Amino acid sequence: MLLERLIQIPVVVTTILLLVVGYLVVIERLLNRLPHHRQAKLRPWLWLTPALIFLSVFLLYPMLNTIYLSLLDAKSELFVGFENFTDIVSDATTRNALSNTLIWLVWFTSIVVLLGLLMTVLSEKVAYEHLIKMIMFLPMAISFVAAGVIWKFMFDYQPATRPQTGTLNAIWTSLIPNGEPQPWLINPLTNTPVLIFVAIWIFAGFCMVILSAGLKGIPSEIQESARIDGANEWQSFIYITLPLLSPTIAVVATTMLINALKAFDIVYVLTNGNYNTDVIATRMYKELFTAHDFGRASAIAVVLLLATLPIIAFNIRQYRQREANL
Amino acid sequence: MPRLMRRLPLHFLLIAICLVWIMPTTGLLVSSFRPASAVATSGWWTAFQSPMDFTLENYEQVLSRRNMDISFLNSLMITIPATVLPIMLAAYAAFAFAWMRFPGRDVLFTLVVGLLIVPLQMTLVPLLKLFNALGISGTFLAIWLAHTGFGLPFAIYLLRNFFAQLPREMFEAASLDGASAFTLFYRLTLPTSMPAIASLAIFQFMWVWNDLLAALIFLGGRRAVAPMTVTISNLVSSQGEGWQLLTSAAFISMLLPLAIYFSMQRYFVNGILTGSIKG
């Protein structure tokens, strides 16, 4: 089977390249037989066709279909109106997932942006700034699944009679007199904060790199003149740097909001949503694969879409403004 | 000297945070080379006390007996086509958006921008039904198609913006020399856009390589087709797998992305940053 795969990979890639390049060769040949003005009219659409087909079949149609399916029952046979939505709100497990996602949105976003900002401002002052950025950004190269394994290992729990192999519990039991090892991922008081911390570990470097680019875009003369006018370091940060940096902060924060909404892998790997840690995405996965309830799964997806709509609108507006400025 | 003393807390804080940031990955790496008995009875930080005892056995085991070898190839089999296909199709579309005139161009492009961050979850149920109806659920074809659809809006958006910035004179001069649209695209646009394409390729590669959700849903858990993310999450949930196996499996999945990160840092960071708006 290994050898088979090794052969398949180059074969598949070559086939795809031939098909895609071949498409363009064929349509250009056909176009060249047409009179000039017909060519100019048809060409853009032929160049767009493959992408438009993919967008409609694998993105637009499924989206609209999901909205429709959310109004049908579990097997997508009977029309039930908004029953799936009222179920979501009244069902304790789904409500728990919704409230956890809200906790993620608030705590993950605010802490990761603040930490990124702190690291940006502080590392500006030292010579090894680049090294710090490289270390902080490294988790972006690690999949959520691998990050889940890494942190599950860090938070590992052994009964007090056994040696603690989890780093956190080893530190905990040696620092705190008579400290009992804690089941961090099981205890409902600590598990969601712990999951959020893992996400912060992944994304803090990302925030830092963007914020740092924003900070370097602010002309240093502005800060210098504030200092000459007698502002201390803190004042010049609060009254000069922060307001000038706020557009960048807004971009970083919206990106993090989307990440919080989408959180799935970390929860799936670390707790699988047990012990009250479910979020919207894991809840939907369970409705789809454990309960086989297409109606509810679709309804949860629609809730997720509604939550992202303001961000989509914000994106489109930003894009329009940028276009207008060009 | 006083300045250094004053700045000591600053250095201390920065170094402490950096240590917290690299410690977990270090622990994973160290544990993956320790024998099972050692991993189960002592912390990874004791590994460098004598007698030091390291082994490659964990890697041998996860590769041959826990299917990580085939999973690694499956990940490549999924990721390479799912990177090549959307980028090429997006490049055609982006070229049309940037350099051709047609009615409805702006409306269509705004639609692409709107699709950028639509949550993947919105497509899962209908696509699963569609793939079941076509009989391709659980095959590589299904996941290539799905990832191409998911990847296109961002790829079109990024490439169109890049293409549109290329100097108009370059195209006009080439057109006067009688160059066809095909030549303008393959000989002029693509070669000059390599930095953007490299960043985009790295982003799309990382996105698919690290994806768990789409793989779980469209491929299912079948060993023959499971990528590494699925195999590892199965290892995590199956009780009794030792940490020495989980850590080495996780490290195998990180090898390629880390190699790209360290060798092409600029494109990597660029790709991840510009791709962050994707849903």
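Predicted model: local features only at pLDDT ≥ 70, side-chain atom pairs only at ≥ 80, totals over all residues.
Figure 1. B:Met254 is found in helix H13 of chain B. A residue is buried if 20 or more other C-beta atoms lie within 10 Å of its own; B:Met254 has 24 C-beta neighbours inside 10 Å and therefore counts as buried. Setting aside residues up to four places away in sequence, B:Met254 touches A:Ile142 and A:Ala146. B:Trp207 lies 47 residues from B:Met254 along the chain, and the C-alpha atoms of the two are separated by 13 Å.

Figure 2. Is B:Leu10 buried or partly exposed? B:Leu10 counts as partly exposed, because 13 C-beta neighbours are found inside 10 Å. With neighbours within four places in sequence left aside, B:Leu10 is in contact with A:Leu122 and A:Lys125.

**Figure 3. Helix H14 of chain B and what covers its buried residues.** Helix H14 of chain B runs over residues 265-275. Its buried residues are B:Tyr267, B:Phe268, B:Val269, B:Gly271 and B:Ile272.

**Figure 4. Packing of helix H7 of chain B on helix H10 of chain B.** H7(B) spans residues 140-165 and H10(B) spans residues 194-209. Their axes come within 11 Å and cross at roughly 160°. How are the two helices oriented to each other? Angles over 145 degrees count as roughly antiparallel, and H7(B) and H10(B) are therefore roughly antiparallel to each other. The crossing of H7(B) past H10(B) is right-handed. On the H7(B) side, the residues that meet H10(B) are B:His147, B:Gly151, B:Ala155, B:Leu158, B:Leu159 and B:Phe162. On the H10(B) side, they are B:Ala196, B:Leu200, B:Gln204 and B:Val208. By class, this contact has 7 nonpolar residues, 3 polar residues and no charged residues.

**Figure 5. Packing of helix H4 of chain B on helix H7 of chain B.** The axes of H4(B) and H7(B) come within 6 Å and cross at roughly 35°. H4(B) passes H7(B) in a right-handed crossing. The contact of H4(B) with H7(B) is made up of 25 nonpolar, 3 polar and 1 charged residues. H7(B) also meets H10(B), through residues including B:His147 and B:Phe162.

**Figure 6. The interface between chain B and chain A.** In this view, 84 residues of chain B are in contact with 85 residues of chain A. Which helix of chain B gives the largest share of the side that touches chain A? Helix H4 of chain B (residues 68-99) does, with 17 residues. The side of chain B that touches chain A divides into 60 nonpolar residues, 23 polar residues and 1 charged residue. Among the contacts between the chains are those of B:Met254 with A:Ile142 and A:Ala146, and those of B:Leu10 with A:Leu122 and A:Lys125.

**Figure 7. Overall fold of chain B.** Chain B has 14 helices and 0 strands. Its radius of gyration is 24 Å, well over the 19 Å that the globule rule gives for 279 residues, so chain B is more spread out than a compact globule. The C-alpha trace of chain B spans about 75 × 70 × 35 Å along its principal axes. Buried residues make up 51% of the 279 residues. Of the contacts in chain B with a separation of 6 or more, 77% are between residues 24 or more positions apart.

**Figure 8. Overall fold of chain A.** The secondary structure of chain A consists of 13 helices and 0 strands. Chain A is more spread out than a compact globule, because its radius of gyration of 26 Å is well over the 20 Å that the globule rule gives for 326 residues. Taken along the principal axes, the C-alpha atoms of chain A fill a box of roughly 85 × 60 × 50 Å. Of the 326 residues in chain A, 39% are buried. Among contacts between residues at least 6 apart in sequence, 66% join residues at least 24 apart in chain A.

Terms used:
Residues numbered from 1 in each chain as written. Chains lettered and ligands numbered in written order. Helix = DSSP H or I, 4+ residues; strand = E, 2+ residues; numbered from the N terminus. Rg over C-alpha atoms; globule rule 2.2 N^0.38 Å. Buried ≥ 20, exposed ≤ 12 C-beta atoms within 10 Å, placed from the backbone. Contact = placed C-beta atoms within 7 Å. Nonpolar A, V, L, I, M, F, W, Y, C, P; charged D, E, K, R; others polar. Axes fitted to C-alpha atoms, helices over the stretch in contact; angles between N-to-C directions. Parallel < 35°, antiparallel > 145°, perpendicular 65-115°, else oblique. Left-handed = near helix turned anticlockwise from the far one by under 90°.
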